[in-house]
Amino acid sequence: MAAPLSAHTQIFPPLKNDLVIRAAKGLRTERVPVWVMRQAGRYLPEYKEAKGDTKFFDTCKNPSLVCELTIQPVKRFNVDAAIIFSDILVIPLALGLTVLNDPGEGPVYADPIKCPDDLKRLNPNFDIVEELGYVYEAITMTRMKLDGKVPLFGFTGAPWTLMKFMIENVSAGPNPNKARRFLVEHPEASHQLLTIIKDALVRHLVQQIKAGAQIVQVFDSFAGELGPILFSKFELPVLKHIAREVKEKLKAIDIEPVPMIIFAKDAHFAIEDLSHAGYDVVGLDWGAQPMHARKLAGNNVTLQGNMDPVMLYAPKDEIRKGVKEMLAKFGTQRYIANLGHGILKDTDPDNLGVFVDAVHSYSEDMNAVL
């Protein structure tokens, strides 16, 4: 694949709505910014129309289509950010695993990791532009077409979450003990695999930022399965390395580091540790208690979250009530509103609009009396 357009060679339109960026940096915002995980996706009829019968991974590799899908929710809702349409599972593919099925259609990989010797099949030194250039091309294209309306997110999966997929082939039927068993039976190989993944993720995030991503999120979707002991031993160190190394590599090439978010689902035991892990924002799932999380995290990081995605099935008045209660607990500063996980695929889009508008209107009212 040809090298993607670089942010260095582009003159991007000025950013008109920087609420998410300001909130992530701890700067004052006139209203609470809001976006939702998986906001570009299957719940939107226009997504289904644009994607048609194109396979999922083929969609991810089509920069023009990715650009269209990323911008769809920005056109429909008053969200304060766009997130590039992609998938966390592109990293194992770049490392050398081969596709068997699209996610959700059976086992994703034809050759999952089963034993320490399987790590020899991986290629840690893959050419990142050759393998993942379609992501970076889509980011630059989307950044231009957004015309500065809102900032653009890049993202990646976290090392443990990708390790779990690579071992358990999750779409084949989750077995939460299989990857955890690998950790305790093969600790040296586990550290090696997590480091291989970490190094790939650092390169991927840096390339996304070079291409034009203005903020990035690391998704640790299965963090809670580890519990405090395994999380602290295996995952927390590599998460810290990601935050530090991305910023160091950007500074080395004279690019200003962008805000970074860590979202570790169900890892409520790690909120305090994550708030000192080098990230600007700690994302919370719907099981976390906002006021307790703030007490643990302190005031040096921004919090993001955390309405239960099923609340978007509720009557519109109940959605507004839930937003009001959520804002009362989080406050309006050092806070980014979101769901506690990705929006569910059969959600009524109109209900998401109610959620977004309620965040803006209620937070503006709250700020007016501060």
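This is a predicted model: local features need pLDDT of at least 70, side-chain atom pairs count only at pLDDT 80 or more; totals for chains, interfaces and linings use all residues.
The side chains of arginine 244 and glutamate 248 meet in a salt bridge, 3.7 Å from N to O. Both residues lie in helix H10 (residues 227-252). They are 4 residues apart, about one turn of the helix. Glutamate 248 is also partly exposed, with a relative accessible area of 46%.

Now go to helix H7 (residues 159-168) and select lysine 164 and glutamate 168. These two form a salt bridge, and their closest N and O atoms are 2.6 Å apart. Lysine 164 and glutamate 168 are 4 residues apart in the helix, so about one helical turn separates them. Lysine 164 is buried, and glutamate 168 is buried too.

For the next stop, select arginine 76 and glutamate 46. They form a salt bridge with the closest N and O atoms 2.9 Å apart. Arginine 76 sits in helix H4 (residues 63-76) and glutamate 46 in helix H2 (residues 45-51), so this pair ties together parts that are 30 residues apart in sequence. Arginine 76 counts as partly exposed, at 35% relative accessibility.

Last, select Asp18, Arg22 and Glu30. A network of salt bridges links these residues. To go on from here, note that a search of the whole structure finds 19 salt bridges.

Technical notes: Residues are numbered from 1 along each chain as its sequence is written. Side-chain values use heavy atoms; hydrogens and water are left out. A salt bridge is a side-chain nitrogen of Lys or Arg within 4 Å of a carboxyl oxygen of Asp or Glu. Helices (H or I, at least four residues) and strands (E, at least two) are DSSP runs, numbered from the N terminus. Buried means under 20% relative accessible area, exposed over 50%, partly exposed in between (1.4 Å probe, protein chains only).
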